[in-house]
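These are my notebook entries on a single structure. I record what I looked up, entry by entry.

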Amino acid sequence: MEWKDIITAAIAAYAALLSSYTAYAQRREKKSLVDVSMGISMLVRGRNVSDPVVMLTASNPGHKAVTLCGEGFILPDGKTVIFPYQNSNVQFPYDLTPEKNCQVWIDTKQLALTLQEDGYYGEVNLVGFYRDQVGRTHKSKKWKFNTYDWLRQKRT
């Protein structure tokens, strides 16, 4: 094989890789993205601080708005807990625009009681989720929630 054949092959390989990356980047840019996270928070209203809540946050790092229409938790056996009367900073359905977020929350004691009423005791692995209007489910990482710990907490 001559040098010019090697150089031609290298240029062709580079062009193919660049073309593939460009197509991937364009597809990713058009795709709607929603990052979901959850954790314990306290709400502050003036001088008042709430009891602890489980905060479920959806953020949109993408370039396209996503209409969210439902949220909740996925339990270890695949069942879901939804928020029929959620506390939130928005109303659903909600257009989550790029570079924005929204939250829903539930009192930790209320969640612990709900889980125990359904037979989940002690440490429960929860996955937070938001659903969008085209049928996609956006999920958080697994998160441990201990029903016993939150039912023992003294309230203010």
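I use "buried" for under 20% relative accessible area, "exposed" for over 50% and "partly exposed" for values in between, with a 1.4 Å probe and protein chains only. The model is predicted, so I recall that local features need pLDDT of at least 70 and side-chain atom pairs pLDDT 80 or more, while totals for chains, interfaces and linings use all residues. Residues are numbered from 1 along each chain as its sequence is written, and side-chain values use heavy atoms, without hydrogens and water.

**Aromatic rings.** I counted three aromatic pairs. Rings of Phe, Tyr and Trp (its six-membered ring) pair if their centres lie within 6.5 Å; planes under 30 degrees apart are stacked, over 60 edge-to-face, and the rest tilted. Phe145 and Trp150 form a stacked pair, with 6.4 Å centre to centre and 10° between the planes. Trp150 is also buried, with a relative accessible area of 16%. I noted one aromatic cluster formed by Trp143, Phe145 and Trp150.

**Nonpolar core.** Which residues of the largest nonpolar core touch the most other members? They are Leu68, Phe73, Leu126, Tyr130 and Phe145, out of 28 residues in that core. The elements giving two or more residues to this core are S1, S4, strand S5 (66-74), S9, helix H2 (108-117), strand S10 (123-132) and strand S11 (137-146). Such a core is a set of buried Ala, Val, Leu, Ile, Met, Phe, Trp, Tyr and Cys residues joined through side-chain atoms within 4.5 Å. Helices (H or I, at least four residues) and strands (E, at least two) are DSSP runs, numbered from the N terminus. In soluble globular proteins, nonpolar side chains tend to be buried together.

I then listed contacts (heavy atoms within 4.5 Å). Setting aside residues up to four places away in sequence, Leu68 touches, among others, Ala58, Phe92, Cys102 and Tyr130.

**Cysteines.** I found zero disulfides, a disulfide being a pair of cysteine sulfur atoms within 2.5 Å. Cys102 is buried, with a relative accessible area of 0%, whereas Cys69 is partly exposed at 38% relative accessibility.

**Open sheet.** I traced four strands in the order S1-S4-S9-S7, with antiparallel pairing. Strands pair if DSSP finds at least two bridges between them. S1 and strand S7 (87-88) are the edge strands, each pairing on one side only. H2 packs on the sheet, touching S1, S4 and S9, and its direction makes about 65° with that of S9. For that angle, axes are lines fitted to C-alpha atoms, for helices over the stretch in contact, and angles run from 0 to 180 degrees between N-to-C directions.

How many bridges join S4 to strand S9 (residues 101-107)? Seven do, and the two strands run antiparallel. Seven bridges also join S4 to strand S1 (residues 35-41), again antiparallel. Met55 in S4 stands opposite Gly39 and opposite Trp105 in S9. Thr57 stands opposite Gln103 in S9. Of the seven residues of S4 (residues 53-59), six are buried.

**Thr147.** Is this residue buried or exposed? Thr147 is buried, with a relative accessible area of 0%. It belongs to helix H3 (residues 147-152). Beyond its neighbours within four places in sequence, Thr147 contacts Ala112, Leu115, Gln116, Tyr120, Tyr121, Gly122 and Val124.
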